[in-house]
Amino acid sequence: MNPLDLVRPLVKQLKPYSSARDEFHGKGQVFLDANENPFDTCLNRYPDPYQRTLKEEMSNYLGVSPERLLLGNGSDECLDILFRTFCEPADEVIVLPPTYGMYKVLADLQQAKLVEVPLNDDFQPNLDLIREQVRENTKLLFVCSPNNPTGNQIGNDQLRELLKLPVMVVVDEAYIDFSDEPSALELIQEHTNLVVMRTFSKAWGLAAVRLGWLIAVPELIQMMNKVKPPYNVNELTQREGHKALANAQEKEDRVATIVRERKRLAEALSEMAITEHVFPSVTNFLLVRFTEDPKTVYNYLLNQGIVVRDRSGLPGCQGCLRITIGTSKENDFLLDALKNYTA
Ligand SMILES: *Cc1c(COP(=O)(O)O)cnc(C)c1O
């Protein structure tokens, strides 16, 4: 399968905007080409539209070539670029609920048809039902893995099966750093229809910076480069990305602490009478099913100053709240509040 066949004809033919930095990239003494301000504010020049330095660093970190990378203003922008690269109105997109809500919003905006194939009782993809839903104009299949809000990861064996389908398989790995299981990146060399997405928002602790990355075959990255706004990743964000990658060990240390706290919190919560089930998690949150009405528990916690996420309305998540792992002190605060729970 040639993944370029799934790209919108309009995008294939599109002649992209050519910025001053596209037309000249290199060393000059005097830059009078971009109508920039000549006085040095540290930010008076446009940033590199292709973030070449940062991509080199990311490439070293990930072990994939820089031509396979697209950076975005958060992975939400990478998602938006994906939709605009592949989906015409009436094209179809498959999602596996309960999952991240942005896929639906973007499909709606692009007037693509959203086909929902719920995960099974173990929150695993239902391969037969997914296969049945693939049509000629099915473009994207979203696999959030580890999945938000269920907290489990879809194994690479399952992904290999999904990758046999003639669609782009987009694996959203926003939470992969919190997991010990192998990343879908292991499959990137052998599957041209695989897209892997990462973000600096969770494990790297940089949600405010807005930096996401997407890994795919170079031909598709070239298509997406035509679709993205020329300067989509600003200079301050590129600098923060550089700093973060130079201190990757700090990220690892924070992740290790969060994973330790996750285990402690999961054990303590499981022992409580008001919890029915704490779902296993390889992320930085826990999906917890309560014996009491989740809305009542939610409001009780809110009264104590603790904000969690009510996910009880999602399919398969009846009775569930999603609780992010906090600092050790914050988690103690939560546990104390729940121990003293009164409706
Ligand atoms: C938090 C999250 C993201 C992150 O999006 P950003 O735009 O990079 O902050 C992406 N996907 C999922 C599933 C998430 O939960």
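**Aromatic contacts**

Phe285 is buried in this predicted model, because its relative accessible area is 2%, and buried means under 20%. Arg322 lies over the face of the Phe285 ring, 5.7 Å from the ring centre.

Across the whole structure, a search finds twelve aromatic pairs. One of them joins Tyr46 and Tyr231. Their ring centres are 4.5 Å apart and their planes meet at 20°, so this pair is stacked; the cut-off for stacking is under 30 degrees. The two residues come from distant parts of the chain, 185 residues apart. Tyr46 sits in the loop between α2 (20-23) and α3 (52-62), while Tyr231 sits in the loop between α8 (218-227) and α9 (235-246). Tyr46 counts as partly exposed, at 41% relative accessibility. Tyr231 is also partly exposed, with a relative accessible area of 25%.

Phe285 has an aromatic partner of its own, Tyr175. The centres of these two rings lie 5.1 Å apart and the planes are at 85°, so the pair is edge-to-face; planes over 60 degrees apart fall in that class. Tyr175 counts as buried, at 5% relative accessibility.

Elsewhere, Tyr61, Phe200, Trp204 and Trp213 form one aromatic cluster. One of its members, Trp204, has Lys251 over its face, at 4.6 Å from the ring centre.

Methods. Residues numbered from 1 in each chain as written. Predicted model: local features only at pLDDT ≥ 70, side-chain atom pairs only at ≥ 80, totals over all residues. Heavy atoms only, no water. Phe/Tyr/Trp six-rings, centres within 6.5 Å; stacked < 30°, edge-to-face > 60°. Helix = DSSP H or I, 4+ residues; strand = E, 2+ residues; numbered from the N terminus. Buried < 20%, exposed > 50% of the residue type's maximum accessible area, 1.4 Å probe, protein only. Lys NZ or Arg CZ within 6 Å of the ring centre and 35° of its normal.
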